[in-house]
Amino acid sequence: MSYVDEVIEQVVKQNPAEPEFHQAVKEVLESLRVVVEANEEKFRKDALLERLVNPERQIKFRVPWVDDKGQVQVNTGYRVQFNSAIGPYKGGLRLHPSVNLGIIKFLGFEQIFKNSLTTLPIGGGKGGSDFDPKGKSDREIMAFCQSFMTELSKYIGADVDVPAGDIGTGAREIGFMFGQYKRIRGSFEGVLTGKGLSYGGSLARTQATGYGLLYLTNALWKDHGMSLEGKTAAVSGSGNVAIYAIEKAQELGVKVVTCSDSTGWIYDPNGIDVALLKEVKEVKRARLTEYAAAKSTAEYHAKQNGEHGVWQYKVDLALPCATQNELDIEDAKMLVANGVTSVTEGANMPTTLEATKYLQENGVLFVGGKAANAGGVATSALEMSQNSERLSWTFEEVDGKLKGIMETIYANISDAAKRYDATVGGKTDYVAGANIAGFEKVVDAMLAQGVC
């Protein structure tokens, strides 16, 4: 049995009832097989893969808090500090009822490679709780966040572990957590990212993931001798990532004709009106029906099962920016039939594995979220740098650094794929390239630091 297969088998055996973690390990190690086989004897002797798939630390704790009725509630908190070979642990805090240890380990394992790709010195980690912030009052949110941070504060710090926001954890939650950390530790430090601008946050953080997605997509097209100018795009979602992906795409000369939310989608053949979309979603926090009511050229379609939604239109590039597994095999077939050139992921795993393979096998340029949506965590790391320097950079400074990082990520994943001749459907396999490039940096650091 090969070393890769041995380790996959071991992970499944040692981590029962954690299917998400099993899936992440299998997908990453399969794409790294060519690298591991070229170094199998050395890697096996150093138990390199075993060390890679086992977190350095797993923390699970009780989070008691009191609701508005005076009832004590109890949730479970997690922080998985997966790998610190290249820097402090870095990764979001997810607040959602679905959170369990297996999901946090899956996300933390993926974060190792994404963070490595940013070119910045940050390791991989993830955390969160099964607490559901939906429907809770501000006081209840504060009560939970303060209790959660009371325990988490024992294990994090600016040079140890720097959590960030994620699903359910926005500016409000980060503020409450930061205040509690400062109160307990008596220290004002850059221990969390995604902070408000008045207490150490970074400009361009809101725009970072969407802008970064387009910077990488632009580099991809340029590398293949093409221009985005005059092209048409389909975008899913209408949150931060989608809004600012649309904004930057339009700046680059792309006409974006779709966006969506949980109830339906908009098709506007004249191009999405970003100012109106921001008004509806960021100011009014309303549904896209309001966008359609204000724009005569826009068609609103209620979401129905079996429909291709935003992916049914003839476009040159697709930018899935909404949620996981939103682009399935039938959507992929529709995109290919309509002649799509590239699919680059703005959300976390929005394309199913089956759809990804179909797109790649049919010659579509595909870059997964590990590389394409790394702009968010990259800008979080830039926030850490500003905190360390006790400085605040201008929007232009942060945006310029972000652009350089995303272009470097593309160059690195392309180079890694080509060095190992990783191709699918006659095109460069950028999914493998991302895993290889992220892996090589981490492995080099691990080997240099001995058995630890």
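A search of the whole structure, which is a predicted model, finds 25 salt bridges.

**Salt bridges between separate parts of the chain**

- Glu18 forms a salt bridge with Lys105, and the closest N and O atoms of this pair are 2.8 Å apart. Because Glu18 lies in the loop between helix H1 (3-14) and helix H2 (19-31), while Lys105 belongs to helix H6 (residues 101-117), the pair ties together parts that are 87 residues apart in sequence. Glu18 is buried, and Lys105 is buried as well.
- Asp223 is joined to Lys418 by another salt bridge, in which the closest N and O atoms are 3.9 Å apart. Asp223 is in helix H9 (residues 205-223) and Lys418 is in helix H17 (residues 395-419), so this pair ties together parts that are 195 residues apart in sequence. Asp223 is partly exposed, with a relative accessible area of 41%, whereas Lys418 is exposed, with a relative accessible area of 51%, a value that falls in the exposed class because the cut-off for that class is over 50%.
- Asp261 and Lys281 meet through their side chains in a salt bridge with an N to O distance of 3.0 Å. Since Asp261 sits in the loop between strand E8 (258-260) and strand E9 (264-267), and Lys281 sits in helix H11 (residues 274-283), the pair ties together parts that are 20 residues apart in sequence. Both Asp261 and Lys281 are buried.

**A linked network**

- Asp5, Glu30 and Arg33 are connected to one another in a network of salt bridges.

**The second largest pocket**

- The second largest pocket has a volume of about 170 Å³, and its lining, sorted by class, holds 5 nonpolar, 5 polar and 2 charged residues.
- Among the residues that line this pocket are Arg51, Asn54, Pro55 and Glu56, then Phe82, Asn83, Ser84 and Ala85, and also Met446, Gln449, Gly450 and Cys452.

- Val66, Val72 and Val74 make a nonpolar surface patch of about 240 Å².
- Val66, one of the residues in this patch, is found in strand E1 (residues 57-66).

Definitions and conventions: Residues are numbered from 1 along each chain as its sequence is written. This is a predicted model: local features need pLDDT of at least 70, side-chain atom pairs count only at pLDDT 80 or more; totals for chains, interfaces and linings use all residues. Side-chain values use heavy atoms; hydrogens and water are left out. On a 1 Å grid over the protein atoms alone, a cavity is a set of points where a 1.4 Å probe fits but cannot get out, and a pocket is an open set with protein on both sides within 12 Å along at least five of seven lines; lining residues have an atom within 4 Å of a point. Grid points are joined across faces, edges and corners, and a volume is the space filled by probe spheres set on the points. Ala, Val, Leu, Ile, Met, Phe, Trp, Tyr, Cys and Pro count as nonpolar, Asp, Glu, Lys and Arg as charged, and the others, Gly among them, as polar. Patches are made of residues with over 30% relative accessible area and no salt bridge: like charges are joined within 9 Å, nonpolar side chains (Val, Leu, Ile, Met, Phe, Trp, Tyr) within 5 Å. Accessible areas come from the Shrake-Rupley method with a 1.4 Å probe; for residues, only the protein chains shown count as cover. A salt bridge is a side-chain nitrogen of Lys or Arg within 4 Å of a carboxyl oxygen of Asp or Glu. Helices (H or I, at least four residues) and strands (E, at least two) are DSSP runs, numbered from the N terminus. Buried means under 20% relative accessible area, exposed over 50%, partly exposed in between (1.4 Å probe, protein chains only).
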